[in-house]
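Student: I'd like to learn how to read the features of a protein model. Could we go through one together?
Tutor: Gladly; here it is.

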2 protein chains.
Amino acid sequence: MTYCCALRLKEGLVFISDTRTNAGVDHISVFRKLYTFGIAGDRFITIQTSGNLATTQSVIGHLKNQLDTHQEQNLYSVNTMFEVAELVGKTLKAIISDVTADTQDQSNYYCSLLVGGQIKNQEMQLYNIYPQGNFICATSDTPYFQIGESKYGKPILDRALRYDMPLDEALRCSLISFDSTLRSNVSVGMPLDALIYHKDRLNVPIGKRIYQEDPYFENISKAWSDTLKKGLQDLPVPTADYFE
Amino acid sequence: MTYCCALRLKEGLVFISDTRTNAGVDHISVFRKLYTFGIAGDRFITIQTSGNLATTQSVIGHLKNQLDTHQEQNLYSVNTMFEVAELVGKTLKAIISDVTADTQDQSNYYCSLLVGGQIKNQEMQLYNIYPQGNFICATSDTPYFQIGESKYGKPILDRALRYDMPLDEALRCSLISFDSTLRSNVSVGMPLDALIYHKDRLNVPIGKRIYQEDPYFENISKAWSDTLKKGLQDLPVPTADYFE
C-alpha cells in the first residue's frame with residue numbers, strides 16, 4: 001500500500017509520501033514515491049506515485065528518458081503545468097496499455113499520480129492523474145489530494161486544512177494525517193519523504209526524509225496523542241439522556 | 001453504507017450505529033441498525049447490522065420469530081453469550097445460503113453483525129459475526145469492533161480508547177469517531193442510535209436517538225474541531241530541515 005498527500009495552498013505546495021511497498025505481508029520493501037524535476041528559475045515539478053510499482057517506476061523512467069534523449073515533448077519543453085499533466089497522463093496511459101495488451105484485467109497494473117509544481121510567470125498547480133491518463137486539478141475549495149490509503153488521514157485534513165493556512169501549519173496538519181495513517185495501517189510505513197515549495201521561488205527543494213526516529217516527528221506524534229486524550233477529557237460530559 | 005461501532009470496556013458496553021441506507025446516491029433512507037433484546041434481571045443483548053438491508057432485516061426478523069414462536073433455540077433460551085453468537089451466526093448463514101441458492105456471487109447479500117451483551121452471572125461479551133456465520137470476540141487488548149465504513153473513525157479509537165476508560169469518556173471518544181466519519185463520508189448519516197450498558201445491571205437500556213440538531217452532539221462536534229485546530233497551532237514549529 002501507499003499513502004501520498006499533496007496540498008496546493010496560497011503560500012505554496014506541500015508534498016508527503018510514505019516509502020513502503022508490499023507484495024503480501026512478508027514481502028515489504030522501501031521505495032521512494034516522491035520524485036522532483038526542475039530547472040532553477042524556470043520550473044519545479046513533483047510527481048508522487050501510488051499503485052503497481054513496475055508501472056510507477058516505468059512512468060518515472062520514461063519521463064526521465066524523454067529528458068535524457070531530448071525528445072520533443074518532455075517535462076522541460078512543455079509550456080504549462082496543464083501540459084505537464086497531459087504529458088504525464090499520456091505516458092502513464094501508454095505504459096498501462098502496453099503492458100496489458102494481452103490481458104483482460106488492466107486494474108492490476110494501474111497506478112495513480114499526483115503532479116504539482118510551478119512554471120515561471122504562471123500559477124502553481126496540482127493534478128491528480130488517473131490510470132486512464134485523465135486528471136483533475138486542485139482548487140482553493142479543495143486544496144488537497146490524496147492517493148493510496150487515504151481514509152485514515154482524511155478526517156484531520158477535512159477538519160483543519162484551509163487554503164490560506166501558513167505552510168508550516170499545513171505541514172504539521174499533513175504530518176499528523178500521516179501519523180494517523182501509520183498507526184492504523186501497517187502497509188503504510190516510514191521513512192517518509194516531505195517537500196515544501198514556496199510560491200514563486202522556482203527552486204527545486206531537496207526535501208526531507210523523515211526516519212522512524214526523527215526527533216521532530218516523534219515529538220509531534222506524542223504531542224498529538226496527548227492533545228487528543230486531553231481534548232476528549234475536556235469535552236463536556238454527555239447529558240443524562242445518553243445513559244437511559 | 002453504514003457505520004457501527006461497539007466497545008466492550010471494564011465498566012460496560014457502548015454501542016453506536018448510524019441509520020443511513022443507500023441504493024445509489026439518489027435512494028437514501030433511514031433504517032435503524034441497532035436492535036436490543038433482553039429480560040430485565042436475566043440478560044441483555046444488542047445486535048448491530050451492516051450490509052444488505054434485506055439480509056439484516058431477515059436476521060432480526062428470524063431472531064424475533066424464534067422468540068415469538070417459542071422455538072427451542074432462541075435468544076432467551078440459550079445459556080451463554082457464546083451460544084447467542086452461535087445462534088445469530090447460524091441464522092445469518094442460513095439466510096444467505098437460502099437467498100443465494102441460485103446465484104454464483106453471494107457477496108451482494110452479505111451482512112456483518114456486532115453482537116454484545118451480558119447474561120446473569122456471566123461476563124459481558126462482544127462478538128463480530130461474519131457472513132459465513134463464524135465470529136471473533138473482543139478482548140481487553142482489542143476492546144472495540146467496527147463494521148461498515150470503519151476507516152475514518154478508527155484513528156481516534158486507536159489513539160485514545162482504553163479498556164479501563166470510564167464509560168462517559170468512551171462515549172465521547174466514539175461520538176467523535178462518528179463525527180469524523182459523518183464529515184468524510186456522506187453515505188453515513190444522522191440520526192445516530194447510541195446505547196450504554198453498565199456492567200452487571202442486567203437492564204435493557206432504551207438508548208438515545210441523536211438527531212442532526214442534538215445540542216450535545218453539536219456542542220462536542222464544534223468543540224472537537226476547535227481542539228484539533230488549536231492543537232495543530234500548538235504543535236512545535238517544524239525544524240528548518242523540513243523546508244530545505
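Student: What span should the 18 residues of helix H4 (residues 167-184) of chain B have, and what do the end C-alpha atoms show?
Tutor: Helices here are DSSP runs of H or I with at least four residues, strands are runs of E with at least two, and both are numbered from the N terminus. The expected span is 1.5 Å times one less than the number of residues. For H4(B) that gives 26 Å, and the end C-alpha atoms are 26 Å apart, so the two agree. Please keep in mind that this is a predicted model, where local features need pLDDT of at least 70 and side-chain atom pairs count only at pLDDT 80 or more, while totals for chains, interfaces and linings use all residues. Residues are numbered from 1 along each chain as its sequence is written, chains are lettered from A and ligands numbered from 1 in the order in which they are written, and side-chain values use heavy atoms, leaving out hydrogens and water.

Student: Is H4(B) mostly covered or mostly open?
Tutor: Buried means under 20% relative accessible area, exposed means over 50%, and partly exposed lies in between (1.4 Å probe, protein chains only). H4(B) is mostly covered, with 16 of its 18 residues buried.

Student: Which faces of E1(B) are covered?
Tutor: In a regular strand the side chains alternate between the two faces of the sheet. Here both faces of E1(B) are covered: B:Tyr3, B:Cys5 and B:Leu7 are buried on one side, and B:Cys4, B:Ala6 and B:Arg8 on the other. Strand E1 (residues 3-8) of chain B thus has 6 of its 6 residues buried.

Student: What stands opposite B:Leu7 in E10(B), and what in E2(B)?
Tutor: B:Tyr144 is its counterpart in E10(B), and B:Val14 is its counterpart in E2(B). E1(B) pairs in the antiparallel sense with E10 (residues 144-148) over 5 bridges, and likewise with E2 (residues 12-17) over 5 bridges. E1(B) and E2(B) form a hairpin with 3 residues between them.

Student: Which rotation superposes chain A on chain B?
Tutor: Two copies of a chain are related by a rotation about an axis and a shift along it. The copies are superposed by least squares on the C-alpha atoms of residues with pLDDT of at least 70 in both. Here the rotation is 180 degrees with 0.0 Å of shift along the axis, at an RMSD of 0.0 Å. That is the relation of a two-fold axis. The C-alpha of A:Tyr152 is the nearest to the axis in chain A, 2.6 Å from it.

Student: How many residues are in contact between the chains?
Tutor: 51 residues of chain A are in contact with 51 residues of chain B. Buried area is the accessible area (1.4 Å probe) that two parts lose on being put together, summed over both. The two chains bury about 5000 Å² between them, 65% of it on carbon and sulfur atoms. In chain A, A:Arg159, A:Leu232 and A:Tyr242 lose the most area to chain B, together 20% of what that side buries. The copies meet through the same surface, because 100% of the interface residues of chain A are also interface residues in chain B.

Student: Where is the cis peptide bond that involves A:Pro191?
Tutor: The bond joins A:Met190 and A:Pro191, with omega about -5 degrees. A:Pro191 sits in the loop between H4 and E11 of chain A.

Technical notes:
Pairing = 2+ DSSP bridges. Contact = heavy atoms within 4.5 Å.
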